[in-house]
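This report describes selected features of one structure, covering helix packing, strand pairing and backbone angles. The sequence and the model come next.

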Amino acid sequence: MMESSTELKCRKPFLKPIETKRKTIEELEMEVEEEEPLSPTAKMFLDPILNIHVMAIMFCKTRISPQPTKDKLVHTLLKHPRFTSVLVVDEENGGEMKWVQTKVDLNQHIIIPEIDESKLELSPEKYVEDYVHNLTKTSLDKSKPLWEFHLLNIRTRDAEAVSLFRAHHSLGDGTSLISLLLACTRQTADELKLPTIPTKKRRPTYDSGKANVQGGLLGLWGYVLAVWIFIRMIGNTIVDVFMVIATLVFLKDTETPINSLAADSKSKIRRIVHRTISLDDMKLVKNALNMTVNDVALGITQAGLSKYLNRRYAVGKEDKGDTEENNNLPLGIRLRSCLMINLRSTPGIQDLADMMEKGSKGKWGGWGNWFGCALLPFKIALRDDPLDYVKEAKATIDRKKNSFEALYTLVMAELLSKIYGIKAVSGMTQRVFSSATICFTNLVGPQEEIEFCGHPLAYFAPTSYGQPNALTINFQSYINKMTIVLSIDESAIPDPQQLLDDFEDSMKLIKDAVIERGLVKNRNDQDITPI
């Protein structure tokens with residue numbers, strides 16, 4: 001039975017009126033389908049300690065027409081049960097939280113703000129940035145489905161209008177939500193085609209039969225190698241798990257200019273800025289050094305943070321320089337990132353599009369929050385050779401891939417939630433996040449231009465807010481562009497554009513070093529491998 005969000009809010013949750021006839025089997029099945037309990041992770045994200053929101057800022061090449069946008073959403077996003085469900089607390093059942101299907105009034109979810117034209121004259125980009133900043137001061141209204149779009153017909157340097165998507169993290173993990181958003185888009189060149197998303201190249205499978213034909217020795221060494229890799233992963237996992245427990249109990253990142261003030265402010269308000277660089281340049285470095293785009297992104301991040309901190313440490317002191325030998329950085333800085341790793345097999349955008357087209361309810365396999373956390377250390381130090389940044393980043397992430405750390409943290413969180421309750425798990429998650437300095441993600445985007453609800457996109461910038469970290473870094477690829485998005489605590493990072501400059505300069509230094517040494521290979525390789 002479909003009920004409005006107002007009715008759900010006013011009535012006592014889940015108290016059914018007395019009926020004089022028995023319900024049919026079909027009616028009972030529909031009732032079960034329309035009510036779904038929250039997962040432990042969804043409850044954790046709804047806890048006031050975290051209360052995390054996901055955002056995607058889409059920069060459109062044309063002005064946005066509200067009505068066509070609403071018409072398209074009815075046949076796409078509203079086919080997903082999470083986007084047509086309201087959160088209800090069942091007080092009669094120990095305060096259990098459930099998703100309950102409701103009728104959606106799109107006018108409450110499509111927001112068209114009044115624009116102060118006088119402020120646009122100064123800087124349209126700054127107006128959009130301030131608008132997003134003010135949104136991070138608020139939370140979504142829990143009396144209706146937890147998502148909304150803000151449509152701003154404001155011309156910026158790169159776009160004719162801006163569409164802002166905001167959803168609560170309890171609806172799903174960030175990767176799933178962005179994938180769902182992309183499943184609502186189509187290629188500009190062919191409105192019937194979905195975007196093409198690069199996938200990770202599979203390693204060739206080991207053929208034991210062929211190895212036996214060649215003499216059996218290769219098969220024997222293959223099994224020995226597999227056993228050795230497993231033993232190494234167990235050893236790495238033990239070390240990583242110890243570091244997670246130590247972080248939970250006492251271990252924190254080194255106090256630096258970008259996290260010391262943030263720890264005192266405890267503010268969840270964030271300023272969100274972005275910068276677009278060349279994805280082709282990143283691929284050039286990737287191919288030259290035989291690594292992934294993700295390795296290059298981590299190298300850029302490591303280099304940019306080192307340069308930025310070197311400058312911040314010199315404030316009010318004697319500047320010792322910016323070389324590997326002479327700089328302002330203290331030795332042994334511990335600076336880590338929280339990596340949220342999805343452990344569920346997430347549907348591709350083709351699967352999501354098919355499910356929305358068919359209106360499938362209760363068949364959204366792979367949807368939801370089911371992920372673990374890994375702590376990734378960044379080496380903060382200046383290097384005279386720019387390529388050392390990406391080489392060190394690759395070594396770090398390769399080591400982290402050979403560990404079950406993320407799986408362990410998921411299992412530990414599930415177990416602790418059953419023993420101590422979700423409040424305790426939320427507190428522990430918040431402690432781990434606040435003990436690390438940054439959050440980092442790298443998302444793979446379409447290879448061709450796409451349109452959302454009939455509006456071609458110049459680029460888009462996903463991010464989030466609500467985490468206790470002073471800095472959240474998102475890399476998002478799109479065609480031949482890579483957008484770096486920062487969600488920052490202004491008390492810790494008062495000059496985010498300078499940090500973006502350092503990221504951009506680091507990319508240029510790394511690319512120039514590759515070209516000067518004659519390491520350039522094929523620039524057309526489309527492999528973009530996320531963590």
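The crossing of helices H7 and H13 is right-handed. This is a predicted model. H7 spans residues 174-183 and H13 spans residues 349-358; they pack at an angle of about 65°, and their axes are 8 Å apart. That angle makes H7 roughly perpendicular to H13, because angles of 65 to 115 degrees count as roughly perpendicular. On the H7 side the contact involves Ser179, Leu180, Leu182 and Ala183, which meet Ile349, Leu352, Ala353 and Met356 of H13. Sorted by class, this contact has 7 nonpolar residues, 1 polar residue and no charged residues.

An open sheet is formed by 7 strands, in the order S6-S7-S8-S3-S15-S14-S9, with mixed pairing. Its edge strands are S6 (110-111) and S9 (185-187), each of which pairs on one side only. Within this sheet, S3 and S8 (residues 161-168) run antiparallel and are joined by 8 bridges.

**A second open sheet**

Another open sheet has 6 strands in the order S10-S17-S16-S13-S11-S12, and its pairing is mixed. Here the edge strands are S10 (271-278) and S12 (371-378), each pairing on one side only. On average, neighbouring strands of this sheet are turned by 25° against each other, direction ignored. S10 pairs with S17 (residues 481-488) in the antiparallel sense over 8 bridges, and Arg275 has Ile484 in S17 as its bridge partner. Helix H15 (residues 405-420) packs on this sheet, where it touches S11 (335-342) and S12. The direction of H15 makes about 130° with that of S12.

**A hairpin**

Strands S4 and S5 form a hairpin with 5 residues between them. In the turn, Gly94 has a positive phi of about 70°. S4 pairs with S5 (residues 96-103) in the antiparallel sense over 6 bridges, and Ser85 has Gln101 in S5 as its bridge partner. Of the 6 residues of S4 (residues 85-90), 5 are buried, so this strand is largely enclosed by the rest of the structure.

| Strand pair | Bridges | A bridge partner pair |
|---|---|---|
| S10 and S17 | 8 bridges | Arg275 and Ile484 |
| S4 and S5 | 6 bridges | Ser85 and Gln101 |

**Two asparagines with positive phi**

Most residues other than glycine have a negative phi. Asn51, although not a glycine, has a positive phi of about 50°. Asn51 is placed in the loop between helix H3 (40-46) and strand S3 (53-60). Asn290 is also not a glycine, and its phi is positive, near 55°. The loop that holds Asn290 lies between helix H11 (279-289) and helix H12 (293-313).

Is Asn51 buried or exposed? Asn51 counts as buried because its relative accessibility is 17%, and buried means under 20%. Asn290, with a relative accessible area of 61%, is exposed, since exposed means over 50%.

Conventions
Residues numbered from 1 in each chain as written. Predicted model: local features only at pLDDT ≥ 70, side-chain atom pairs only at ≥ 80, totals over all residues. Heavy atoms only, no water. Axes fitted to C-alpha atoms, helices over the stretch in contact; angles between N-to-C directions. Helix = DSSP H or I, 4+ residues; strand = E, 2+ residues; numbered from the N terminus. Parallel < 35°, antiparallel > 145°, perpendicular 65-115°, else oblique. Left-handed = near helix turned anticlockwise from the far one by under 90°. Contact = heavy atoms within 4.5 Å. Nonpolar A, V, L, I, M, F, W, Y, C, P; charged D, E, K, R; others polar. Buried < 20%, exposed > 50% of the residue type's maximum accessible area, 1.4 Å probe, protein only. Pairing = 2+ DSSP bridges.
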